[in-house]
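Hello,

Here is the structure I promised to pass on. My notes follow below it.

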Amino acid sequence: MADVTQFVRPDIAALEAYTPIQPFDVLSEQLGIPIEQIIKLDANENPYGPAPSVTEALRNCPFYAIYPDPDQTRLRRAISPFIGQPIERILCGNGSDEIIDLLMRVLVQPNDVVIACPPTFGMYSFNTGVVGGRFVAVPRDTNFDVDIEALADAVLEHQAKMVFLPSPNNPTGNLLAREHVLRLLKLPTMLVLDEAYAEFSSGSVADLVGQHPNLVVLRTFSKWAGLAGLRLGYGLIPEWLITHLWKIKQPYNTNVAAEVAVLQSLAETEALNARAKIMVAERERLFAALQTIDGLTPFPSQANFILCRVERGDAAQLKADLAKRGILLRYYRNPELANCIRVSIGLPEHHDALLAALADLGYR
Ligand SMILES: Cc1ncc(COP(=O)(O)O)c(C=O)c1O
């Protein structure tokens, strides 16, 4: 009999497993701290949760036994005026993560090059590996800005099929200037601007989709609308390309509960925008407070998190010490983020608790 264990695609067998963050309940058990007492500032979630009427709408939905609409018609009709793009250019996914996956599966053949600029969101290199592409990193400069000339050179040198740039970038929080986007759009490559955090920032290039055949913009309801657990993101994708994504997407990729929650969220944009404004004000308050702390250097952010370099002491230790007190932050092992932590924007009282814990640990 054939050795079926050898049937695995060699490129998949060689892939490193993705390490997701620990589930909340597991962490709570490990730390011996009840879930409701944990201050979770590690995954850029919205501390306010969904808009108030979303829970009610979910409770009252009579259609959970029915498959969702594979054409996502109601969803796309509601998103269209919100984002200012026609429904023909909108495709929803099981989180914007799924749109990243679909784009790669349509465009990237084995050994095609995909470029991103670390430190950045990890899914771009992960998905490149899944489709057998070659990932090329063009590192950011010391301020974490994209090195536009180095990126342009790399696109030409490798004939890169795709470039992924979050704006604001995760985990550094900085925006890509519109003039730089326009410069990059002249390159012979697909440019994917990932605007997962756009609602907390001062800029978006969503309006440019359709004017440039090589621009895709990704957005999500995970952050601004507090729906991370329901998984609904979307792509703004030129017509020539979106046709191919429709062909390969799973028919029922977005679920009924997510649709209900998104439609209700879009009926509450004013309330959600008001909350985003509060989170931005809190971000600025936390940034100012972190700036005064000896041994910590926060980086300015346009997103719902702040990256912070630990100049005195060990960031891994600091993360562990805060976790023992029930405050969860993100810590990175990669060299570009040596001794950095990332704090997601929480409620004002979460930040007060964080600052008090930091003071207690000698960071004042
Ligand atoms: C830059 C960036 N893009 C995409 C995502 C994924 O968003 P979604 O929840 O819509 O899959 C994240 C999540 O943290 C992110 O940071």
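Leu218 has Gly235 in strand 8 as its bridge partner. Keep in mind that this is a predicted model.

Strand 7 covers residues 215–220, and six of its six residues are buried. Leu215, Val217 and Arg219 point one way. Val216, Leu218 and Thr220 point the other way. In a regular strand, side chains alternate between the two faces of the sheet.

Strand 7 has pairings with strands 6 and 8. Strand 6 (residues 190–194) runs parallel to strand 7, with four bridges. Leu191 sits opposite Leu215 of strand 7. Strand 8 (residues 233–236) runs antiparallel to strand 7, also through four bridges.

**Helix 5**

Helix 5 spans residues 96–107. The buried residues here are Ser96, Glu98, Ile99, Ile100, Leu102, Leu103, Met104 and Leu107.

Is Met1 buried or exposed? Met1 is exposed, because its relative accessibility is 95% and the cut-off for exposed is over 50%. Met1 lies in the segment before helix 1 (10–13). Together with Val4 and Phe7, Met1 makes a nonpolar surface patch of about 430 Å².

**Domain record**

An unreviewed UniProt entry lists residues 37–350 as "domain: Aminotransferase class I/classII large". Over residues 37–350, the chain is 37% helix and 17% strand. The end C-alpha atoms of that stretch are 11 Å apart.

Best wishes

Note on methods: Residues are numbered from 1 along each chain as its sequence is written. This is a predicted model: local features need pLDDT of at least 70, side-chain atom pairs count only at pLDDT 80 or more; totals for chains, interfaces and linings use all residues. Side-chain values use heavy atoms; hydrogens and water are left out. Helices (H or I, at least four residues) and strands (E, at least two) are DSSP runs, numbered from the N terminus. The expected span of a helix is 1.5 Å times one less than its number of residues. Buried means under 20% relative accessible area, exposed over 50%, partly exposed in between (1.4 Å probe, protein chains only). UniProt positions are given in the numbering used here, feature names are shortened, and annotations may be inferred rather than shown by experiment. Patches are made of residues with over 30% relative accessible area and no salt bridge: like charges are joined within 9 Å, nonpolar side chains (Val, Leu, Ile, Met, Phe, Trp, Tyr) within 5 Å. Accessible areas come from the Shrake-Rupley method with a 1.4 Å probe; for residues, only the protein chains shown count as cover. A salt bridge is a side-chain nitrogen of Lys or Arg within 4 Å of a carboxyl oxygen of Asp or Glu. Two strands pair if DSSP finds at least two bridges between them.
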